[in-house]
Amino acid sequence: MPAKAPTIGIVSLGCPKALVDSERILTRLRSEGYSLSGDYDGADLVVVNTCGFLDSAKAESLEAIGEALSENGKVIVTGCLGKEENLIRAAHPNVLAVTGPHQYEAVVSAVHAHLPPVHDPKIDLVPESGLRLTPRHYAYLKISEGCNNRCSFCIIPSIRGDLVSRPANAVLKEAESLVKAGVKEILVISQDTSAYGVDIRYAESKWKDRVVRAKFFDLTDALGELGAWIRLHYVYPYPHVDDVIPLMAEGKILPYLDIPFQHASPRILRAMRRPTNQDRILERIAGWRSICPDLTIRSSFIVGFPGETEAEFEALLDFIEEAQIDRAGCFKYENVDGAASRALADQIDQDEIDERYERFMELQTALAYARGETLIGATQTVIIDGYDDDACAYEARTKADAPEIDGIVRVFGAGVLKPGDILNVRISAAEGHELTGEAL
Ligand code: SF4
């Protein structure tokens with residue numbers, strides 16, 4: 001009788017990029033015969049994949065490590081906070097090992113050392129697409145690691161290093177495997193998606209019977225041929241972003257752009273050392289919408305950056321309205337350890353930051369409600385995420401909604417559906433980003 005498979009639990013914190021790292025670690029461990037447990041009790045050892053982006057994220061990571069230690073006792077730490085081993089060990093001296101971001105080999109070695117694998121050829125097989133922590137019908141596709149920019153509020157380049165793009169054919173092969181495994185929606189992620197390939201000089205690689213360049217447009221175009229919904233995240237508005245708008249108008253990729261503008265005031269953007277020039281951005285957005293009227297723009301913004309005046313903050317609010325940003329996320333500025341912006345004069349009082357955040361959210365909620373109203377009576381194509389027992393309705397998303405961060409549609413009157421099914425609905429009610437629809 002084969003020995004019981006050693007069992008791993010994983011706690012994955014942070015951004016979608018960290019989630020992809022967790023998936024890779026699990027894929028590798030699973031391929032070696034480890035079992036996975038969804039709770040601390042069932043696990044022989046727990047891997048905590050941490051986030052170290054903001055001080056609040058660090059605190060959350062340290063808390064998660066503490067919880068895993070008290071609930072399970074055997075804990076290996078990885079991810080962005082792993083760069084700060086001293087901090088982790090000072091708070092939690094009993095962790096078994098600490099490794100940094102993307103150190104898959106080191107994590108796996110640490111697991112081997114503390115919980116050796118039991119070889120069983122029957123469970124060494126991994127599905128071609130690997131294992132995913134996200135539901136089966138959508139998956140994140142990471143096209144590069146690191147970032148060449150040096151935004152003054154951000155420490156990601158010091159943690160993750162400079163941009164390292166994956167070859168185009170490797171990305172396409174992974175995407176194709178995901179689609180073959182049943183994935184209906186692919187979320188393209190990286191720190192700076194539209195800079196893809198610049199580090200490898202847009203290297204060509206062979207994909208099927210042709211050659212594809214590691215370039216934002218070329219990759220997007222090729223991904224659009226796979227028959228899944230393709231959603232682009234973390235796109236900086238470099239001039240060549242204009243080229244993908246026609247692909248959206250043709251229906252080849254989703255008419256959705258997640259662009260982290262962060263601010264609208266040219267002076268603040270310079271102080272933030274943002275990589276793109278946002279001059280004439282309103283004109284460009286109007287141009288995009290004239291080509292692709294259904295375009296949805298999601299963005300995130302920081303309020304309370306050092307030196308932000310009331311007038312500059314108001315310019316930000318005006319921008320959100322004028323640009324008709326469909327989904328606007330807001331972060332309160334945080335003085336992150338190691339970030340250049342810490343040294344800036346004119347730090348804003350926390351009360352002022354909180355107040356600006358409230359005003360931002362008030363406007364964003366009003367805009368969301370107004371936008372929702374315009375959708376009543378419209379036909380929308382939605383993808384099913386699951387069933388909501390309380391509402392007795394399917395929960396779905398339109399093309400304008402990314403999973404977990406945007407809105408939902410509760411679908412009534414449908415037959416039996418499963419996650420990933422795509423259908424048309426007529427929107428009958430709206431409350432901000434929460435819509436109700438009748439199946440057609
Ligand atoms: S683009 Fe700026 S904010 Fe984004 S990861 Fe790079 S340095 Fe950080």
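Predicted model: local features only at pLDDT ≥ 70, side-chain atom pairs only at ≥ 80, totals over all residues.
Me: Okay, in what order do the five strands of the open sheet come?
Reply: The order is β2-β1-β3-β4-β5, and the pairing is parallel. The edge strands are β2 and β5 (97–98), each of which pairs on one side only. Strands (E, at least two residues) and helices (H or I, at least four residues) are DSSP runs numbered from the N terminus, and two strands pair if DSSP finds at least two bridges between them.

Me: Which helices pack on the sheet?
Reply: Helix α2 (residues 55–71) packs on the sheet and touches β1, β3 and β4, with its direction at about 175° to that of β3. Helix α4 (residues 104–114) also packs on the sheet, touching β1, β3, β4 and β5, and its direction makes about 175° with that of β4. Axes here are lines fitted to C-alpha atoms, for helices over the stretch in contact, and angles run from 0 to 180 degrees between N-to-C directions.

Me: And strand β1, is it mostly covered or uncovered?
Reply: Strand β1 (residues 7–12) is mostly covered, as five of its six residues are buried. A residue is buried if 20 or more other C-beta atoms, placed from the backbone, lie within 10 Å of its own, exposed if 12 or fewer, and partly exposed in between.

Me: How many bridges join β1 to β3?
Reply: Five bridges join β1 to strand β3 (residues 45–50), with Ile10 standing opposite Val47 in β3. On β2 (residues 35–37), three bridges pair that strand with β1 in the parallel sense, and Leu36 is the bridge partner of Ile8.

Me: Switching topic, how many residues has the largest nonpolar core?
Reply: The largest nonpolar core has 114 residues, and among those with the most contacts inside it are Val48 and Ile186. Helix α1 (residues 16–31) gives the most to this core, with six residues. Such a core is a set of buried Ala, Val, Leu, Ile, Met, Phe, Trp, Tyr and Cys residues joined through C-beta atoms within 7 Å.

Me: What surrounds the ligand?
Reply: The residues around the ligand include Cys147, Arg150, Cys151, Cys154, Asp192 and Pro275; a residue is near a molecule if its C-beta atom, placed from the backbone, lies within 6 Å of it.

Me: Where is Ile155, and what is in contact with it?
Reply: Ile155 is in the loop between β7 (144–145) and α5 (156–160). Leaving aside neighbours within four places in sequence, Ile155 is in contact (C-beta atoms, placed from the backbone, within 7 Å) with Val336, Gly338 and Ala339. Ile155 counts as partly exposed because it has 18 C-beta neighbours inside 10 Å.

Me: Which loops hold Gln324 and Asp346?
Reply: Gln324 lies in the loop between α11 (310–322) and β15 (327–332), whereas Asp346 lies in the loop between β15 and α12 (350–375). Gln324 has a positive phi of about 50° although it is not a glycine, and phi of Asp346, also a residue other than glycine, is positive and near 60°.

Me: Why does Asp346 count as exposed?
Reply: Asp346 is exposed because it has 10 other C-beta atoms within 10 Å.

Note on methods
Residues numbered from 1 in each chain as written. Contact = placed C-beta atoms within 7 Å.
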